[in-house]
Amino acid sequence: MYVPSLPRVLDVEPVVGRCIERQTSPELTKMGERKTVAFIGLGAMGRGIAANLATAAATGDEITPPVLVWNRTVSKSDRHAAEFGTRRARTLSDLSQADFIISCLPTSVEVAAVVEELAPELKSGSIWIDCTSGEPDATKELARKLATNGITMVDCPVSGGPAGAKSGELTAMIGGDIDNRAKPIISLFAKKKVVDCGPVGAGHAVKAMNNCLNAAHLIIGGEALIALKRWGVSPEVALCAINASSGRSLQTEERLPKEVLSREFDYGFKLGLMYKDVRIAIENLGSSFDENSLLPLVKKMLKASVDEQGFDADYTRVVETLERRAGVQLCKDV
Ligand code: NDP
């Protein structure tokens, strides 16, 4: 006889976050007085986000121009200033008087380093918006530290890739007290959707799980196409059917045809950064997973792929690792 097991009593805090989802709307984006903005990290994502903020400063009434930009490799900030009308900060200290400091760095480790250096000099009352896909617990700790200096931190990881960063069509996942001051600034580069996920760290938690799902869908999509090709069905034909059927996903509709079958592997998101997100999802949030859970396998697969292809390879190359194992290459019909 089947006896259902009793639910376990979990040693976790009750969920207190809000589940409020807000579409960006003009009423929510009015801030009143213009603010100064400083941006840290002009990588694949930061470059486009900072450019949209510069456009908003030049054309709108939320930000006082120029947007200050700081990047570890100085030539990138010089190029950004020339191209988008931002102003290059010579040192992190040059950012200290900004009302908003926005960071977009690889991990929470780099964010902690810039917070450590800059926090003592920042104005009380300023707001730090962290667009890095970071670690929830590390972010809680940074927010506590910044609060002692009178600075509010919100985690604001984004989704939409470099193309979304360039067009401003990002989704932002907010953790923390997103009040009427932060919201109008975030809305300038996250025009697709802004979601209040809960307390500080909640945005980073949701982002890590989102990317775990992204990678999982890519891997299972790749595995399915490899199996079909071995059996004798063309990947293009298979996608044509699947994308009009119930097995489709963003990965079967976009990444597999555009990055894998084309052999371009140029989406613009590093494999090592995707592995970092999946590791956060499994190691920091995966207390409910057990040996039968599927998502931990995603981490294992990405680890093998990073070891094989290197940190900087495009994340879509995880499918190349699957191909090598199977001795099959997915490509377009000629
Ligand atoms: P990139 O590798 O393109 O850029 C990283 C940025 O961080 C660069 O500006 C780099 O400076 C800077 N940086 C690296 N190490 C340090 C350091 N030790 N100190 C100071 N600055 C440093 O990354 P992305 O822009 O792709 O990613 C940024 C964040 O956004 C990550 O958390 C990522 O997971 C997330 N993300 C990425 C997406 C994508 O599709 N690319 C999509 C959504 C989120 P330098 O120019 O000197 O190297």
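Residues are numbered from 1 along each chain as its sequence is written. Because the model is predicted, local features need pLDDT of at least 70 and side-chain atom pairs count only at pLDDT 80 or more, while totals for chains, interfaces and linings use all residues.

The protein is assigned domain 1 (20-199) and domain 2 (206-326), with bounds from an automatic or database domain assignment. Their C-alpha centres lie 29 Å apart. Across the boundary, 13 residues of domain 1 are in contact with 13 residues of domain 2 (C-beta atoms, placed from the backbone, within 7 Å).

The ligand is surrounded by 25 residues, the closest being G43, A44, R72, T73 and F269; a residue counts as near if its C-beta atom, placed from the backbone, lies within 6 Å of the molecule. Each of domain 1 and domain 2 provides at least three residues of this shell.

Helices here are DSSP runs (H or I, at least four residues), numbered from the N terminus. V298, K299, M301, L302, S305 and V306 are the buried residues of helix 11 (20 or more other C-beta atoms within 10 Å of the residue's own; exposed means 12 or fewer; C-beta atoms are placed from the backbone). Helix 11's buried residues pack against helix 7 (202-231), helix 10 and helix 12 (318-326). On the face turned away from the buried side sit the exposed K300 and D307.

Methods: Two residues are in contact if their C-beta atoms, placed from the backbone, lie within 7 Å. Helices (H or I, at least four residues) and strands (E, at least two) are DSSP runs, numbered from the N terminus.
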